[in-house]
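Reader: Hello! I am new to this structure and would like a friendly tour. Could you walk me through it?

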Amino acid sequence: MSKFSFKYLKNFVVRLFTDEEFKKKVGDVIFNPDSPIGKLFDICLMGFIILSVIIVIAESLIPVRFTPYLHVLEWVFTIFFSLEYALRLYCAENRHKYAFSFFGVIDLLAILPTYLSFFIQGAHGLMVIRIFRIIRVFRVFKLFSFLSEGNMLLQSLKESSKKIIVFFLFVLLLAISIGTIMYLIENGEPDSSFTSIPKGIYWAVVTMTTVGYGDVTPVTALGQFLSTVVMLLGYTILAVPTGIVSASMINQNQKDPGQVCPHCHKVGHDVNAIFCKHCGQQLDKKETARIDDDKRTQEGEIIE
């Protein structure tokens, strides 16, 4: 490193730790992509992410003699990502919140594999996890329409998670029962693949999900009849989770995503909601009145 670069880096660190205004500006560049320099920073960051992932993939394809050169590049990327993570952690208004947020955990996991490769053999391949950081592209290009739809889908999955878990447990019990029955039917038959109950459960799961590898198949007439029933049952089973999530998404569409709580800043309230369902505080009266006026206007247009 040249004397000029070292001096510039030293001045940067000193200002970062002593000048609060400078620290705030650095934080705006890192966390806020609205400004031109912030958008440029995120685009460069995504370019580094893509290049680092390509290098990890290329390492498994090129001859061994080129590996040292790729390792040098990988360390360059790792140092850059380490500095970026340290700056994000230092400039964050709430460091604990950022460190344990989704992006905070992904940022940390993006740099750990390189350091862990000193102690754990094979950890180097985990660097492909950096591809998850490309999710930041939604912030750079301001694809709010995609983000709102994504948030609606996540909220629908969250609301229907209990029903899906119960249904999954039912399917699991059904697979165990059917697999056990098929084992009792097929066990002892010549050329039978059902040599154990786990093998029968594996067959039941493969058949119910309509995958059908064909590596385990019944040989008796009764077993083949049961297979037919399980195949038809599989189509019904696949349709149930889709219906649960679809019903939840329809319910989400009936909520107003624009009504924001002025206290906790969360959305997703009912159209005629007066109090926030998250914190219990009263919603903005002007916003609620606007929604009621819009609703009355729409009803009037329908009557006319």
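**A first look**

Author: Gladly! The chain exposes about 20000 Å², and carbon and sulfur atoms supply 68% of that area. Please keep in mind that this is a predicted model.

Reader: How many helices and strands are there in the chain?

Author: From the N terminus, the elements run α-α-α-α-α-α-α-α-α-α-α-β-β-α. Counting them up gives 12 helices and two strands.

Reader: What percentage of the residues count as buried?

Author: A residue is called buried when its relative accessible area is under 20%. The chain has 304 residues, and the share that counts as buried is 30%.

Reader: Is Ile111 buried or exposed?

Author: Ile111 sits in helix α6, which spans residues 102–116. Its relative accessible area is 7%. Because the cut-off for buried is under 20%, Ile111 is buried.

Reader: What distance separates the C-alpha atoms of Ile111 and Thr78?

Author: Along the chain, Ile111 and Thr78 are 33 residues apart.

Reader: How many disulfides does a search of the whole structure find?

Author: A disulfide is a covalent bond between the sulfur atoms of two cysteines. To count here, a pair of cysteine sulfur atoms must lie within 2.5 Å. Searching the whole structure, the number of disulfides found is zero.

Note on methods:
Residues numbered from 1 in each chain as written. Predicted model: local features only at pLDDT ≥ 70, side-chain atom pairs only at ≥ 80, totals over all residues. Heavy atoms only, no water. Helix = DSSP H or I, 4+ residues; strand = E, 2+ residues; numbered from the N terminus. Buried < 20%, exposed > 50% of the residue type's maximum accessible area, 1.4 Å probe, protein only. Areas by Shrake-Rupley, 256 points an atom, 1.4 Å probe, with all protein chains shown as cover.
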